[in-house]
Amino acid sequence: QPVSRIHCCVREVAPFFPVAGSGYDVVLAGGEPPVSRDFLSHPSELRHIRLRNLAWEVRLRYWPSVFCVEAADLKAQLTLGNGPKYLLVDCRTVEERQVSTLSAPGSIIISADDLRRQAADYVNAYDTIITFCTIGGRSGKFCEQFVDELVDNGHVGPERCDELRRKVLNVLGGLASWVHHRGGLVDGAGQPTNLLHPWCQAFLDMFPLEDLQFVFDEARPDPQDALSMIACNSTVRGSDPVGGDAIPRQVLRMCSALPPEVIDDSLSRAMHCCTGYED
């Protein structure tokens, strides 16, 4: 008879089987589940590295002038509860939001349409507006368009444009980065959940292996607005980050594309990840 249980023989080969939520139950002798948070931390970290590479490629290609916040920094601020007054904006579709969104007790989460309808009120009421989506692509585009719309519609004077760009931030890597940093999720009723809509199948391997169950229609074609992000993913996977002078060329291309203040922001964040050196 058909079954969904698979014996993986030894614990070491467990990461090569489908992730939780795939419909398969991977076990060891006696029915012991082999998958633990610590055991899968290295495979999940590799996925996180791929996500960060994709997030930066998307940022530089499609919305280089948008300022970003790291998911880890946002989680720390929300946990402490003594940071700026945040308004969180979920830029995903209704279908995605109905499955789950990030858990931010004490903070308000609205949709991108809600923000647009009362743009001036929200901008004046909150210290910082933070947008997010699945991997940060759609929300980054929204950030850029939102600031331009405020200026074009006369809600904000052109002299405040730079100030506004520092006030409307995007989560680099989106919800995928949030769950990599153990950020919680809540369902439509505000209850904790491990269900998540991954937007489309192309980004399934950007999420951690542990503790998530994906809810989406695998037979549905990839959304049109995902195709450009999928192309970025192919570019990142096809590049050789250690061969020849690939990295110097990439750095020069980035510096020519980015405004000086964004370069300063990016380098400041990068310094936290670098070891000290005399030069």
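**Terms and their grounds**

Author: Arg182 counts as partly exposed, because its relative accessibility is 39% and the class lies between the cut-offs of 20% and 50%. The model is a predicted one.

Reader: What is the phi of Arg182, and where does Arg182 lie?

Author: Its phi is near 65 degrees, a positive value in a residue other than glycine. Arg182 belongs to the loop between α8 (174-180) and β9 (185-186).

Reader: Why is Ser177 called buried?

Author: Buried means under 20% relative accessible area, and Ser177 has 2%, so Ser177 is buried. The residue is in helix α8. Leaving aside residues up to four places away in sequence, Ser177 touches His48, Leu51, Ala71 and Leu172.

Reader: How much of the chain counts as buried?

Author: Of the 279 residues of the chain, 41% are buried. Strand β8 is mostly covered, with five of its five residues buried.

Reader: How many aromatic pairs are there, and what makes Phe142 and Phe146 stacked?

Author: The structure holds four aromatic pairs. In the pair of Phe142 and Phe146, the rings are 5.6 Å apart centre to centre, with 20 degrees between the planes. Rings pair if their centres lie within 6.5 Å, and planes under 30 degrees apart count as stacked; therefore Phe142 and Phe146 are a stacked pair. The two residues are four apart in helix α6 (residues 137-152), so about one helical turn separates them. Both Phe142 and Phe146 are buried.

Reader: Why is the pair of Trp199 and Phe203 stacked?

Author: The ring centres of Trp199 and Phe203 are 5.5 Å apart and their planes are at 15 degrees, so this pair is stacked. The cut-offs are 6.5 Å for the centres and 30 degrees for the planes. Both Trp199 and Phe203 are buried.

Reader: How do you know that a charge sits over the ring of Trp199?

Author: The charged end of Arg138 is 3.9 Å from the centre of the Trp199 ring and sits over that ring. The term asks for a distance within 6 Å and a position within 35 degrees of the ring normal. The charged end of Lys85 sits over the ring of Tyr126, 5.1 Å from its centre.

Reader: What is the order of the strands in the open sheet, and what makes a strand an edge strand?

Author: Five strands form the open sheet in the order β3-β8-β7-β4-β6, and the pairing is parallel. The edge strands are β3 (68-70) and β6 (108-111), each of which pairs on one side only. From one strand to the next, the twist averages 35 degrees.

Reader: How do you know that β8 pairs with β7 and with β3?

Author: Two strands pair if there are at least two bridges between them. Strand β7 (residues 128-132) and strand β8 (residues 168-172) have three bridges, in the parallel sense. Three bridges also join β3 to β8, and these strands run parallel. Asn170 in β8 is the bridge partner of Cys68 and of Thr131. Ile130 has Leu169 of β8 as its bridge partner.

Reader: Which helices lie across these strands?

Author: Helix α2 (residues 71-80) lies across β3, β4 (86-90), β7 and β8, and runs at about 70 degrees to β3. Helix α6 lies across β4, β7 and β8, at about 170 degrees to β8.

Reader: Where does pLDDT stay under 50?

Author: One such stretch is residues 34-40, for which the model has 20 contacts beyond four places in sequence. Another is residues 240-249, with two such contacts. The mean pLDDT of the chain is 82, and 77% of its residues reach 70 or more.

Methods. Residues are numbered from 1 along each chain as its sequence is written. This is a predicted model: local features need pLDDT of at least 70, side-chain atom pairs count only at pLDDT 80 or more; totals for chains, interfaces and linings use all residues. Side-chain values use heavy atoms; hydrogens and water are left out. Buried means under 20% relative accessible area, exposed over 50%, partly exposed in between (1.4 Å probe, protein chains only). Rings of Phe, Tyr and Trp (its six-membered ring) pair if their centres lie within 6.5 Å; planes under 30 degrees apart count as stacked, over 60 as edge-to-face and the rest as tilted. Contact means heavy atoms within 4.5 Å. pLDDT is the predictor's confidence in each residue, from 0 to 100. Axes are lines fitted to C-alpha atoms, for helices over the stretch in contact, and angles run from 0 to 180 degrees between N-to-C directions.
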